[in-house]
Structure formats: C-alpha cells, structure tokens
Amino acid sequence: MAQQLFYSSPHSYSSTSKGCHIFLTSRNGLLLLVALLIIFGVFLPWAGSPLLSSTSKLSLFPNRTSSSSFPTNWPNYSLAQAAKFVAKDGTVIVCTVSYPLLPFLNNWLISVSRQKHQDKVLVIAEDYATLYKINKKWPGHAVLVPPALNSQTAHKFGSGGFFNFTSRRPQHLLQLLELGYNVMYNDVDMVWLQDPFQYLQGSHDAYFTDDRTRIKPLNHSHGLPPPDRKGVTYICSCMIFLRPKYGAKLLVKKWIQELHAGSNAYEGNDQPAFNWALNKTAHQLDLYLLPQAAFPTGGLYFKNKTWVEETKGKHVIVHNNYIIGYNNKMKRFHDFGLWLVDDHAFESPLGKLE
C-alpha cells in the first residue's frame, strides 16, 4: 500500500540506471510535495496562536520591514489588536509614555527584559512621535488611543498635561479588562530587580502597593490599610495588577467616575481618585496588598538605608517616586546604580535610542 502511494507508474520499478534515476526523482519530488502540504496545512494556521514567541510573531507582523508604511497604518492600530499581539498567557503589561519619557521607558524595559517578561509589554503612546519611534524599533508593541496629547507637557508632574496623561490610564485598563486580559500597570520610573509575578498568586481581583513610608512588619496584613485621619488611604496607582473579574472592573469604573467628579480637586494627580474608589468599593471586591519589602515606595527605599539593608534580597520593584523632576529622578537612579540605559541598552527591545 505504501509503495502505491509513492509510485505513480509501474515503470518506476525498472532495474536500469535510467529507470532508477527516474524512480528516485519521482519519490523525492512527491515527498517534498507532501512535506510542503503538511507545513502549510498544519503549522501555518498556528501563526496567530498565543503559544508563539514574540520573535515568531514579529516575523509575521505586516510592517516589520517597511517603515514607510508606519505613518499610514500605526494610527489605525487598535488597542484590541495590540493586546492580542503582545498578550502571553492572557496577560498584558501596560505602561503609558510620552516622548520625553522614552529614556525612562528604555531603562524600565531593560529591567523587565532581565526577568523575561518583555514580550507581553504594551506601550500606550500618548503622542504620535512615541508611537512611530517604538513601533519602528519594536513593531506592534506600541499603540495610540486618540486623542494624542502634547508630548512636551504630558510629563511634567502637577501640570494639566500630566493630569490628562494619567487620568486616561483607568480608561485604558478598563478596556483591556473588558477584552478579558489580566493587566499589570507600571509607571516607567520603576526598575524590576526580581520577577513580580511570583507575588501575584491566588485569584484576587486587584493587587496594589502602599505608598506610605511607615515601616510595616514583614508579615503585615494584605488587606486594604486603614485610612488616615482624613479618612483616606495612600495606595499607589503606579503599580497595579488586575484580573478581568467583576470586582476589578467595578474598581476601575469607580476610579473613572471619581476622576470625572473631582477633576478640579485632583488636578495634576489621579492617585486620590484611585484611593477614593478603593475605599468605596473595598467591600465588593477581593483586594490584596503586596508586601512592602518587595514593593517599596521611593520614600522608603531611597531614604532609609537601615531598612534597605535589613530587607536586602527581598526588593522586587523599586519605584522612583517621592521626588519631582525628570533630571532629579534620573540622577537618583544614577546614584543608586539603577540607571541601566548607558551601559545596557542592548538588553532592551528598543536598543539604544538616539
């Protein structure tokens, strides 16, 4: 039976050298044809599978080699398309970036890459210059959700541009949750020292960090901390992990409502609105406070040498907050050996940025 499948004519059985040559050529040709049919019929449909690595995806991405097509195609690239492209195991790591913050993005990406999680990073660009720059170097990993903001003002803490920049964050997160993804959000003034996903065990709706500098015991509670005398907590909105469950969606929707209701009071900072939303919905969702030793605020990590030494080896993500100013943040990273871009840019998917 097998012979009948591979031989098209009884003449192929000739014992002459000429007949043998025809026989070999015919068999190899048919084998090659069968192999090609298997490759195109079986493996090609898996090209869009999330099981493929990011490298495999890039080889299939339509604009990988033609930068001239970016200006016409990238503005039409949707958040849903981008999330589907980068998601791995149902999870997306999100950051929002304007053009002046690209060096901080690259620094953060180096630290993420060292933990092998860069493939699932999605950069939400707040201006077209950022969108084109990132997708030219790392196709498919940046998306812009209109309207585009002014790239020169969105990074100044406390400014109206900064508020517009940060206040759009929960809208992006909600859309990704509605699409069914687990979402980790990071500000790019952070550095990963270890893999944070080891701390995201269980099935809680939302994971978050405390922004207060008061030292907690290593075995502190993982519930929402008690409010201060003003009746509010001080949870950081810069490092969040959300699962696509009812509770997380409820929290983010309330966050958006609080921003709209108190836009004047929150001018320049979206974090108070996030805390009000947490306090108003805490009884309706499953919250988890991440360990302080692993996720310290900048006011503790950069200012309390004794605590840092006592908790050495436990730090996972360091946040360069409790300091204002682009140059001040960069200098502090330099001073603590956390500015990685100068010597390790090749470790970032973006490489060296000019």
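Q: Is K116 buried or exposed, and how is that read from its relative accessible area?
A: Relative accessible area sorts residues into buried (under 20%), partly exposed (in between) and exposed (over 50%), with a 1.4 Å probe and protein chains only. K116 has a relative accessible area of 66% and is therefore exposed. The model is predicted, so local features need pLDDT of at least 70 and side-chain atom pairs count only at pLDDT 80 or more, whereas totals for chains, interfaces and linings use all residues. Residues are numbered from 1 along each chain as its sequence is written, and side-chain values use heavy atoms, with hydrogens and water left out.

Q: What is the phi of K116, and where is K116 found?
A: Most residues other than glycine have a negative phi, and most peptide bonds are trans. K116, in the loop between α6 and β2, has a positive phi near 65 degrees. D89, in the loop between α5 (79-86) and β1, also has a positive phi, near 55 degrees, and at 68% relative accessibility D89 counts as exposed. As for peptide bonds, the one from P146 to P147 is cis, with omega near 0 degrees, and P147 lies in the loop between β3 and α8 (160-167).

Q: How many helices and strands are there in the protein, and what share of its residues is buried?
A: Helices (H or I, at least four residues) and strands (E, at least two) are DSSP runs, numbered from the N terminus. The protein has 15 helices and nine strands, and 49% of its 354 residues count as buried.

Q: In what order do the strands of the open sheet stand?
A: Two strands pair if DSSP finds at least two bridges between them. Here seven strands form an open sheet with mixed pairing, in the order β3-β2-β1-β4-β7-β6-β8, and its edge strands, β3 (142-144) and β8 (287-289), each pair on one side only. The twist from one strand to the next averages 30 degrees; angles run from 0 to 180 degrees between N-to-C directions, and axes are lines fitted to C-alpha atoms, for helices over the stretch in contact.

Q: Which strands are joined to β7 by bridges?
A: Strand β4 (residues 182-186) runs antiparallel to β7 and is joined to it by four bridges, with M239 in β7 as the bridge partner of N186. Strand β6 (residues 206-210) is likewise antiparallel to β7, again with four bridges; T209 has C236 as its bridge partner in β7, and Y207 stands opposite F241 in β7. Eight of the eight residues of β7 (residues 235-242) are buried, so β7 is largely enclosed by the rest of the structure.

Q: Which strands do α6 and α9 lie across?
A: Contact means heavy atoms within 4.5 Å. Helix α6 lies across β1 (91-97), β2 (121-125) and β4, running at about 155 degrees to β1, while helix α9 (residues 169-178) lies across β1, β2, β4 and β7, at about 160 degrees to β4.

Q: At what angle do α6 and α14 pack, and which residues make the contact?
A: Helix α6 (residues 102-114) packs against helix α14 (residues 326-335) at an angle of about 30 degrees, with the axes 11 Å apart. That makes α6 roughly parallel to α14 (under 35 degrees; over 145 is roughly antiparallel, 65 to 115 roughly perpendicular, and the rest oblique). The contact is made by P103, F104 and N107 of α6 with Y326, K329, M330 and F333 of α14.
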